[in-house]
Amino acid sequence: MQTSEPSIGVDIGGTKILAALVDSSGAVTRQIHRPTPARDVAATERAIVELVRELGDGDLRCPVGVGAAGWMNRDSSRVLFSPHLSWRDEPVRDRLEGQLGQPVTLVNDADAAGWAEYRFGAARGVNDVVCLTLGTGIGGSIILSGEVHRGNSGIAGEFGHQVIVPGGHRCACGNRGCWEQYASGNALGRDGAELVRSKSPIAHNLREACNDDPEAVTGALVTELAASGDLACRDLVEEMGQWLGLGISNLVSVLDPGMVVIGGGLGSAQTELLAVAEAHYRRTLSGRGFRPFAQVCRAQLGSLAGLIGAADLARASASAA
């Protein structure tokens, strides 16, 4: 049974640390932030402690949950690797607990966001959920039987690095053909840049918008033009939607969730993108016609999902202690 007292959620981004008081219904009642000192481990941890103390008015003993991008070990005491911060196999939980003098729940930010959607957002009432976060890459989380599934090593949910095109585009992870090289904001920007680079006449609106500079093309720019009706950009979004649908089909075949929730920086073309993705997923799912389809829907909690989920997981941990 979870306590009804407020808890504190902290979401560490590459440029900003956001902290908030979150009540037991998932509502954010107060939030504060400060810049992330990304290359200074000690300064980052001090900033987290200062934000928590400010929210706690010095002595309020709220459960504290901290969400960060990266890999945690199985018991969530150490950050093994964080792409935006300087944490490399660091005992972050113990150091924060030592400074705050109270327990801290450390969680991957995608897991926290997925938990928030399961508890308070799009997936309320669904026990088995896959949550995808589309941004520069593809992250995600898995909720099975009402619990966050983290796998044997604690790093389950690296959906973006399933190899979907052997020998395909090179990925920063070192492999080729990863899903996020075909169905992410970076992939959309890359494809738009290729059109500009080729001086394609069908991309005249895109070329004008970026001043014929392929380096200025982003996924957000492509989705913005697609939403305004540009045919070349709509084609790019539709192609990305097909790749997104194929990857969703793979995940549903393996995990059999009741719902797939998609969030992140989908931009202004998100409705069209998800419609194409769902249609392609339904065309490629194994056993289609003899099994139910998982519902595909858009995340509801936006940029606050991570800190809401971290706060709620901290509340649950405190209640179980």
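These legends go with a set of close-up views of a predicted model.

**View 1. The hairpin of β2 and β3.**
Let us start with two strands that run against each other. Strand β2 covers residues 16–22 and strand β3 covers residues 28–35, and the two pair in the antiparallel sense over seven bridges. Together β2 and β3 make a hairpin, with five residues between the strands. Look for G26 in the turn, where phi is positive at about 90 degrees. Strands of a sheet pair through backbone hydrogen bonds, either parallel or antiparallel.

**View 2. The open sheet β5-β6-β7.**
Here three strands form an open sheet in the order β5-β6-β7, with antiparallel pairing. The edges belong to β5 (71–72) and β7 (88–90); each has a single partner strand, so one side of each is left without a neighbour in the sheet. Strand β6, residues 79–81, pairs with β7 in the antiparallel sense over two bridges. To find your place in that pairing, look for V79, which stands opposite E90 in β7.

Which residues make the nonpolar surface patch of about 310 Å²? W71, L80, F81 and I155 make it. I155 sits in the loop between β11 (147–148) and α4 (185–197). With a relative accessible area of 30%, I155 is partly exposed.

V41 belongs to helix α1, which spans residues 41–55. Its relative accessible area is 18%, so V41 is buried, the cut-off being under 20%.

**View 3. Y182 and W243, a tilted aromatic pair.**
The model holds four aromatic pairs, and this view shows one of them. The ring centres of Y182 and W243 are 4.8 Å apart and the ring planes meet at 45 degrees, so the pair is tilted. Y182 lies in the loop between β11 and α4, while W243 lies in helix α7 (residues 231–255), so the pair ties together parts that are 61 residues apart in sequence. Are the two partners buried or partly exposed? Y182 is buried, with a relative accessible area of 10%, whereas W243 is partly exposed at 23% relative accessibility.

**View 4. Y281 and F293, an edge-to-face pair.**
In this aromatic pair, the rings of Y281 and F293 have centres 5.8 Å apart and planes at 85 degrees, so the pair is edge-to-face. The pair links distant parts of the chain, twelve residues apart: Y281 is in helix α8 (residues 270–284), and F293 is in the loop between α8 and β13 (295–298). Y281 is buried, at 0% relative accessibility. F293, on the other hand, is partly exposed at 28% relative accessibility. A pair of aromatic rings is described by the distance of the centres and the angle of the planes.

**View 5. Cysteines without disulfides.**
How many disulfides does the model contain? The count comes to zero. C131 is in no disulfide, and the nearest cysteine sulfur, that of C297, is 8.3 Å away; the cut-off for a disulfide is within 2.5 Å. At 6% relative accessibility, C131 counts as buried. C62 is also shown; this cysteine is buried, with a relative accessible area of 3%.

**View 6. Two loop residues with positive phi.**
Most residues other than glycine have a negative phi, and this view picks out two residues for comparison with that rule. S145 has a positive phi near 50 degrees. This serine is found in the loop between β10 (138–144) and β11, and at 61% relative accessibility S145 counts as exposed. K199 has a positive phi near 60 degrees. The loop that holds K199 runs between α4 and α5 (204–209). With a relative accessible area of 45%, K199 is partly exposed.

Terms used:
Residues numbered from 1 in each chain as written. Predicted model: local features only at pLDDT ≥ 70, side-chain atom pairs only at ≥ 80, totals over all residues. Heavy atoms only, no water. Patch = residues over 30% accessible without salt bridge, like charges linked within 9 Å, V, L, I, M, F, W, Y side chains within 5 Å. Areas by Shrake-Rupley, 256 points an atom, 1.4 Å probe, with all protein chains shown as cover. Salt bridge = Lys/Arg side-chain N within 4 Å of Asp/Glu carboxyl O. Helix = DSSP H or I, 4+ residues; strand = E, 2+ residues; numbered from the N terminus. Buried < 20%, exposed > 50% of the residue type's maximum accessible area, 1.4 Å probe, protein only. Pairing = 2+ DSSP bridges. Phe/Tyr/Trp six-rings, centres within 6.5 Å; stacked < 30°, edge-to-face > 60°.
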